[in-house]
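Here are a few exercises to work through with the model open beside you. Try each task before reading its solution.

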Amino acid sequence: MIAAADIGMLDGFERALINNRLHLAYQPKISLTDGKLKRVEALVRWDDPVLGSVPPSRFVPLAERNGLIDPLTQWGLRCALRQWREWHAAGIDICLAFNISAVSLDQLDFPDLVERLCRALEVPTERLVLELTEGATQPLIKLMDTLTRFRIKGIGLAIDDFGTGYSTLMQLRQLPFTELKIDRFFLTDMIASADSRLIVKTMIDLAHGLGLTATAEGVETEEQLLLLRELGCDVAQGYLIATPLAPEALGDWYRAWRQRWPALVGDVPPEAEQASATHAARRSRSATTHRLRPPRLAS
């Protein structure tokens, strides 16, 4: 039974989905080794003329409970894959992450559907990573065959919000994930708290020990980014790097980010370092010449 407060929202969401009034924003994820763009996460956004901006935490559970999650997932995947093609044509070759619901995994043919979408839109399956929240992994252990079929097709699987749900380490070992995403909760005080720092380090080591990529989400300060880099984390996303972007803004953001990265991590490009050294040598020679030059005599 639908709660009275949800009836209006459900009707508005269904109309928005049918009439293509939803849109996607894309949050970049960068390599903490060299600052390069690794992938973008596609995020569904709903701006309703009456309700305003409705967060996914409200409309996704509503869609799950009322049979709309599959149409939403298929719409979002098609839009994201089409956008990947546009970026690829423009010379931006990255991976794409998309959140899926555990409800969709109940369909035995779901991996085949995703593969068909990739093939129809000419996107290599190796460029796609599907993200699932950790809270959903409790029943996912029963869906091992479905998840394994994704991996056979080359599609990556990320466990999202790790550390806040109910999965056990045994389940994490058994499920065929390729990426572990450390929840922002643990990043909040890891600069000041040795306990939080140890937990983050343990998660990173756990991911690497299981052959997974370690990704930190919710990076908001330079100190967090530098510490994650020091701890060996592979990938980061968050407002320090970029807020979710309109698709056409990705190119300009990345050019600006590549210029910003060296200052963030204290790296000096070789050509800049050489130019600085040359300039310093010239100044040193000039100063030496000035000191050795005999004083002018008044005529």
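## Exercise 1: a lysine and its partner

The side chains of Lys153 and Asp112 meet in a salt bridge, with 2.9 Å from N to O; a salt bridge here is a side-chain nitrogen of Lys or Arg within 4 Å of a carboxyl oxygen of Asp or Glu. This is a predicted model, where local features need pLDDT of at least 70 and side-chain atom pairs count only at pLDDT 80 or more, while totals for chains, interfaces and linings use all residues. Residues are numbered from 1 along each chain as its sequence is written, and side-chain values use heavy atoms, leaving out hydrogens and water.

**Task.** Find where Lys153 and Asp112 lie, and say which parts the pair ties together.

**Solution.** Start with Lys153, which lies in the loop between helix 6 (144–152) and strand 6 (156–162). Asp112 lies in helix 4, so the pair ties together parts that are 41 residues apart in sequence. Helices (H or I, at least four residues) and strands (E, at least two) are DSSP runs, numbered from the N terminus. Next, check the accessibility: Lys153 is buried, at 16% relative accessible area, and Asp112 is partly exposed, at 23%. Buried means under 20%, exposed over 50%, and partly exposed in between, with a 1.4 Å probe and protein chains only.

## Exercise 2: a pair between strands

**Task.** Are Glu41 and Lys29 buried or exposed?

**Solution.** First the pairing: Glu41 forms a salt bridge with Lys29, with the closest N and O atoms 3.9 Å apart. Glu41 lies in strand 2 (residues 37–48) and Lys29 in strand 1 (residues 22–31), so parts 12 residues apart in sequence are tied together. Then the areas: Glu41 is buried, with a relative accessible area of 5%, and Lys29 is buried too, with 0%.

## Exercise 3: two helices

**Task.** At roughly what angle do the axes of helix 9 and helix 10 cross?

**Solution.** Take lines fitted to C-alpha atoms over the stretch in contact, with angles from 0 to 180 degrees between N-to-C directions. The axes of helix 9 (residues 222–231) and helix 10 (residues 250–265) come within 11 Å and cross at roughly 75 degrees. The two helices are therefore roughly perpendicular, a label for 65 to 115 degrees; under 35 is roughly parallel, over 145 roughly antiparallel, and the rest oblique. Finally, list the contact (heavy atoms within 4.5 Å): Glu222, Leu225, Leu226 and Arg229 of helix 9 meet Trp257, Trp261, Leu264 and Val265 of helix 10.
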